[in-house]
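Hi everyone, thanks for making time. I'd like to walk you through one structure today, going from a single side chain out to the domains. Have a look at it first, and then we'll start.

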Amino acid sequence: MEDRDHRDSDVEGRPRASDFIRDAIREDLASGRFDRVHTRFPPEPNAYLHIGHAKAVWIDYGIACDFGGKFNLRFDDTNPLKEEQEFVDAVIEDVRWLGADWEDRLFYASDYFEQMYQWACDLIRKGKAYVCDLSAEDVRSTRGTLTEPGRNSPFRNRSVEENLDLFARMRAGEYPDASRTLRARIDMASPNLLLRDPVMYRIIHAPHHRQGDAWCIYPTYDWAHGLEDSIEGVTHSLCSQEYEIHRPLYDWFLIELGIYRPRQIEFGRLNMTHTVMSKRRFIELVEGGYVSGYDDPRLPTLAGLRRRGVTPDAIREFCGRIGIAKGNSVVDSAVLDDCVRDDLNRTSPRTMAVLRPLKVVLTNYPENQTEEMEVVINPEDPAAGSRTALFARELWIEQEDFREDPPPNYFRMAPGREVRLRAAYIVRCNEVIKDAEGNVVELRCTYDPESRGGTAPDGRKVKATLHWLAAAVAKAATIRLYGPLFVTADPDDVAEDGTFTDNLNPDSMVEIEGLVPPEVAAAPCGTRYQFERIGYFCVDRDSTPEHPALNRTVTLRDTWAKLEKREP
RNA sequence: UGCCGGAUAGCUCAAUUGGCAGAGCGGCUGACUCUGGAUCAGCAGGUUCUAGGUUCGAGCCCUAGUCCGGCAGCCA
């Protein structure tokens, strides 16, 4: 392995700052503590993954790739009360979608239960674990507090034989739920509360999604996790910062057992502005009806981001940009938007759709004539080639692209003014037609037949270029415009007795009926487009050929909107 | 309150053995143009949490303090 190859640049040769985890791994390699790198992503199958998990995946998988090592996907399925196959399937889909490759190493902690049981017996034989009859409440009350030591359990000094017998009976199902536990015999006075004789096994008579009724005792996280890493030969067990205090326990079990010991390293969790990032908050939002489900495009779940149209590449780029630190961080959601634009700009075919239509009639264009105009599919990607768009006498343009009384620096259409219709002709607005209420309902324009393709032979400059759609082919479509879920950067920034839902953005989704060209109407779910001058959109799963539905992934950067906001 | 961790530009992160504090995002200017997008160029922005100390020299090492986060599930 040649880690130097990976030190200063990524796959595309861009410079990459090293981070403290990579530094630590290099030290381990140099010192000989490890001679290879093997990481794992260990989700519990009890919830949907979010972008914070994506960060963890990219740390784990990215590091394995950088050091020519291996990466496992392992379900930490040690609690039958919370876990379901449904989540296993969803997590697999999400991690695969992200692009992390675990090859043939998909593992389940529950497959190690027998080995864990044997090791627990070893610890009992060493006098390092005992069966405790205390209730959960008694365990709590004897644990002590942050400032006072705990008291030893009255069962702490049982004989090895008795412990072995009792533990076997726990496994055999002789005792009811929660009546006994197996505890590690460490130190009830430790300043680290986790070391005060932590529970290793609890009795739960519940079927496990993979093990069925094979077990009625289940290992706790602290006991199980290091064993799982050890069994799989993981070298670096990377986890989020709240596990830091668990590390002494992770090490203690492995050292007492005398088995292979990986190194746990913790990194800070990801938070983002204008959103929430916890399972509990997602549940509140879904159950409160504030969002439509766990795949609502406003949620930072991977399912939601995917439905919104965000690409795995954009997420990977994001994870690279935010870096890795020891402390928790709050990343500006604009950084994600930027990554999304960056990727979609390179890869999305362009098309013209009209969100809020205004009719244009070209009075000098022959009644029955139509033309196929050639349009570049993606100026950033010449290989994408071109397509044609139907041009005709009656067209739709965007309402915003016309002002009867244009402010200074407004270059788009206005009475008497010329603009270019993209890839078509230069047109001039001659007449404004209004309804009874005075709303502009139609523009009468003339086109310059000499300007086919968009340039005039006399070389005159036209400042604005508008997108358009021929009325004859435009299809009505539901278009959902998504914005930030919360108005405030920090959703928890609330009044005294307020709650985070007070900060929900009432306009986080605006659903409108717009018009799209035929190829968009026919596109399958998941197809992404750039609607020129508007933003990036993705065909939603509710889309039908009869009535298409698209979600706005992110807007284009809009300098005009910024300008207008500044000088009202 | 005990233990652990963190604090560097508005935000997120860098800064080899102690050696001129940098980048990305955001903000602002400008150039360009058949997307007012993209792209490109430039500018502003810092008492490196505070107070001491060691040192020729401290973001980095030492001492004391401040603030923030994590931990008292038979969750992970």
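So, leaving aside its neighbours within four places in sequence, which residues is S451 in contact with? They are A424, Y425, I426 and A456, where contact means heavy atoms within 4.5 Å.

Before going on, a word on the ground rules. This is a predicted model, so local features need pLDDT of at least 70 and side-chain atom pairs count only at pLDDT 80 or more, while totals for chains, interfaces and linings use all residues. Residues are numbered from 1 along each chain as its sequence is written, chains are lettered from A and ligands numbered from 1 in the order in which they are written, and side-chain values use heavy atoms, with hydrogens and water left out.

Back to S451. You'll find S451 in the loop between β19 (440-447) and β20 (465-466). Those labels are DSSP runs numbered from the N terminus: helices are H or I with at least four residues, strands are E with at least two. Is S451 buried or exposed? Its relative accessible area is 0%, so S451 is buried. The cut-offs are these: buried is under 20% relative accessible area, exposed is over 50%, and partly exposed is in between, with a 1.4 Å probe and protein chains only. The side chain of S451 has a polar atom 2.8 Å from the backbone nitrogen of I426, and a polar atom of that side chain also lies 2.6 Å from the backbone oxygen of D448.

Next, a helix. Take α8, residues 247-257: 8 of its 11 residues are buried, so the helix is largely enclosed by the rest of the structure. Among those buried residues are Y250, W252 and F253. What covers them includes α4 (113-125), β5 (181-184) and α7 (221-232). Just after α8 comes G258, with a positive phi of about 70 degrees.

Positive phi also turns up in residues other than glycine. One is E103, with phi near 50 degrees; E103 sits in the loop between α3 and β3 (106-108) and counts as exposed because its relative accessibility is 54%. Another is H274, with phi near 60 degrees. H274 lies in the loop between β10 (270-272) and α9, and at 23% relative accessibility it counts as partly exposed.

Now for charges. Side chains of opposite charge can pair when their charged atoms come close. How many salt bridges does a search of the whole structure find? The count is 59, taking a salt bridge as a side-chain nitrogen of Lys or Arg within 4 Å of a carboxyl oxygen of Asp or Glu.

One of them joins R306 and D94, at 2.9 Å from N to O. R306 is in helix α10 (residues 302-308) and D94 in helix α3 (residues 85-98), so this pair ties together parts 212 residues apart in sequence. Both R306 and D94 are buried.

Another joins D295 and R541, at 2.2 Å from N to O. D295 lies in the loop between α9 (279-287) and α10, and R541 in the loop between β25 (535-539) and β26 (549-555), so here the parts tied together are 246 residues apart in sequence. D295 and R541 also belong to a network of salt bridges, whose members include R307, R480 and E511.

Finally, the domains. Chain A is divided into domain 1 (20-267), domain 2 (272-349 + 477-555) and domain 3 (356-473); the bounds come from an automatic or database domain assignment. What do domain 2 and domain 3 bury between them? About 1,300 Å², 51% of it on carbon and sulfur atoms. Buried area here is the accessible area (1.4 Å probe) that two parts lose on being put together, summed over both. On the domain 2 side, L515, E532 and R533 lose the most area to domain 3, together 44% of what that side buries.

The side chains of D401 and R533 meet in a salt bridge at 2.2 Å, N to O. D401 also meets R412 in a salt bridge, at 3.0 Å from N to O. D401 is buried, with a relative accessible area of 2%, and R412 counts as buried at 12% relative accessibility.

Conventions
Polar contact = N/O pair within 3.5 Å; in protein donor to acceptor, adjacent residues only side chain to side chain.
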